[in-house]
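Thanks for coming, everyone. Please look at the structure on the screen while I talk.

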Amino acid sequence: MIIISKLNLILPIIVTMNEQFLVIKIENDSLKLFSIGKWTLSSIRQIEIQLEKIPHDKKIIWDVSDVSDFDSAGVLLFKKYYERFKEETLVDVIAYTSVQKEMYDLLAAHTLEAIPQRTEHYLENLGKKAVNAYMDMKDFITFIGHVFVAMFYALFNFKNIRIKEMVYHVHHSGFNALLIIGLTSFLVGMVIAYQGAVQLAKFGADIFIVDTVGISIVRELGPMITAIVIAGRSGSAYTAEIGAMKITEEISAMRTMGFDPYNFLVLPRIFALIIALPLLIFFSDIMGIFGGMVASQLQLNISMAQFIDRLYEVLEVKHYILGMIKGPVFAFVIASIGCFRGFQVSDNTESLGLQTTASVVNAIFLVIMFDALFSIIYTGLDL
Amino acid sequence: MSKDTVVIDVKDVITKFGERIVHDGVTLHINKNEIYGILGESGSGKSVLMKEMIMLLEPYDGKIAILGHTLNTIGYKEAQQLREEWGVLFQFGALYSSMTIAENIEVQLKEYTNISKQMRDELVRSKIALVGLDAHVGALYPSELSGGMIKRAALARALAMEPKLLFLDEPTSGLDPVGARHFDKLIKELRDMLGITVVMITHDLDSIFSIVDRMAVLADKHVVAQGTLENVLQSKHPFVEEFFKNEYTKHTYRDKIGLK
């Protein structure tokens, strides 16, 4: 023990990590501290570790004038430990440069209490979510109300309907979706036929594959596939378009110029989808049945002529009409949700993503819900 | 002018967007420890020039060297190192909207250094105080802040990594006059104490007359005037005449522009 303390008197203890930033000389009644090296951001961690090891049971005499380079982080670190040492013992800073002093004074003049934490209790979150869901519902009902008012107004002021925008959206949401809808329907038709074929072949009732494919595609799957693809494709696009306009304050600009956003942005999109979706459903029906036809030929050896013959017999027009009726309803649901979610975007980029997701999820869910509703109604009416 | 003192060296830069030529041989150099202003009318390519300096755009032709690194031939690693040495203040803040202000300032410290959480907090708080914001602002999200506060927060973020080089795109636009002068004073103080180099795009006459050491005026695809205020004032280019010697400046800054 004695030997060590003797040694301390002779040799300066050098606290070393990889590089040294502090030289310590222990004297009888005091501890001399020399800051050296680069006191910059990149070495803060190492200096901090070395500072932690400084004993503060004696008076500290600190010399910072030999620091080769420093930045405000380095000075801040000095300030932090200077204040901490001062609480425990006497600290004397004996040498510093004028620039260091200036920097120290600048930092000392600009201090801040701790930044409050944004902590949220789970009950608080739950409450917020519940209120948000309720407000969303209320806002949506208000939105639908606005849309109907705008529609009613448009009925009597026919020239107010934005034909150009409508055609643009029919092109983008309708015509441009033909390929993907055709392909999806074709594949679904094939899958249905393949699956049905295995079961029907067991009973030797091969030809009934035509009934299965024809009726299920036209009544249920055609409208459903189309609506889901369009909800993913156009519903999200509507949200993103309107949301981006909201962020850049274009919507506010429109309002101040007296351009009603419902008339200029919402109605053209809703009308466009109401026109485009039934047409797409028709196309989807054709492609779905064609897919079934191809699969039947491959799997059950039912020729296309046979298939079409049978289709004439079993596929009543009523099935086609019942499927088609869903079109405009789905279209209204998808377009109004898409536009509504767009208006819900608040002025940050994060909410744009959230609302776009919500738009697609809501639209698909509502499409399926309305489809179920149609099934109940059709069954109730014995259709 | 020795080689060490030149921090940014731009030589014969040509920038084209399709057929449109923005710069047709822009040459300038920025020395260490100076506050350098880039001026020019809208559409003269000030922001584009700055974007080329911070490697967001590549010039069609010409050479840009920053802190001794030639940007035309810079490798990935070297570029990453260089990016840690500068701070950029974007015109509209460009704060990350999913993070609070404190997190925005902290993010680079967290990613690039091993500083303890406690010390990071101290650094963040010091930066927030330095730009004149209150503690509670640190817990807010950018969307909850006013334009002026976003500017300040963005400056705090630009300063977070203790940069040697600071790029400011219209730092005082959108600030109230008092805030703008505070901003100028802070930038000058930091420059004086830390020896950093500041490149700023600005239209603010007060900034130009009070803190800018040297400047370049961009017009007609070229640098039409360069140097200290005195040098620039000698230019007879119509933009310089219009900008510095209009009725307002003649009245307000008569001593600075050498009118009796």
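This is a predicted model: local features need pLDDT of at least 70, side-chain atom pairs count only at pLDDT 80 or more; totals for chains, interfaces and linings use all residues.

Start with a helix pair in chain A. Helix α5(A) covers residues 122-156, and helix α12(A) covers residues 317-344. Their axes come within 11 Å and cross at roughly 115°. The crossing of α5(A) and α12(A) is right-handed. Which residues make the contact? From α5(A), they are Phe140(A), Phe143(A), Ile144(A) and Val147(A). From α12(A), they are Ser336(A), Phe340(A) and Phe343(A).

Next, helix α6(A), residues 163-174. It has 12 residues and reaches 15 Å from its first C-alpha to its last, close to the 16 Å expected at 1.5 Å a residue. Its buried residues are Met166(A), His169(A), Ser173(A) and Gly174(A). Seen down the axis, those buried residues of α6(A) fall within an arc of 95°, so they line one face of the helix. Recall the general rule: an α-helix has 3.6 residues a turn, so residues three or four places apart point the same way. What do the buried residues of α6(A) pack against? Two helices of chain A: α8, residues 209-247, and α10, residues 261-300. On the other side of α6(A), Lys164(A) and His171(A) are exposed.

Now a strand residue. Phe34(A) sits in strand β3 of chain A, residues 30-35. Is Phe34(A) buried or partly exposed? Burial takes 20 or more C-beta neighbours within 10 Å. Phe34(A) has 19, so it counts as partly exposed. Leaving aside neighbours within four places in sequence, Phe34(A) is in contact with Leu22(A), Val23(A), Asp63(A) and Asp66(A). Take Ser65(A) as well: it is 31 residues from Phe34(A) along the chain, yet their C-alpha atoms are separated by 8.2 Å.

Last, the cores. In soluble globular proteins, nonpolar side chains tend to be buried together. The largest nonpolar core here has 93 residues. Ile38(B), Ala156(B), Phe167(B), Val198(B), Met215(B) and Val217(B) touch the most other members. Helix α5 of chain B, residues 147-159, gives the most to this core, with eight residues. A second, separate core has 55 residues, including Ile181(A), Val213(A), Ile225(A) and Ile228(A).

Back to Val217(B) for a moment. Not counting residues up to four places away in sequence, Val217(B) touches several residues, among them Leu39(B), Gly40(B), Val232(B) and Phe239(B).

Definitions and conventions
Residues are numbered from 1 along each chain as its sequence is written. Chains are lettered from A and ligands numbered from 1 in the order in which they are written. A nonpolar core is a set of buried Ala, Val, Leu, Ile, Met, Phe, Trp, Tyr and Cys residues joined through C-beta atoms within 7 Å. A residue is buried if 20 or more other C-beta atoms lie within 10 Å of its own, exposed if 12 or fewer, and partly exposed in between; C-beta atoms are placed from the backbone. Helices (H or I, at least four residues) and strands (E, at least two) are DSSP runs, numbered from the N terminus. Two residues are in contact if their C-beta atoms, placed from the backbone, lie within 7 Å. The expected span of a helix is 1.5 Å times one less than its number of residues. The arc is that of the directions from the helix axis to the C-beta atoms. Axes are lines fitted to C-alpha atoms, for helices over the stretch in contact, and angles run from 0 to 180 degrees between N-to-C directions. A crossing is left-handed if the near helix is turned anticlockwise from the far one by less than a right angle, and right-handed if clockwise.
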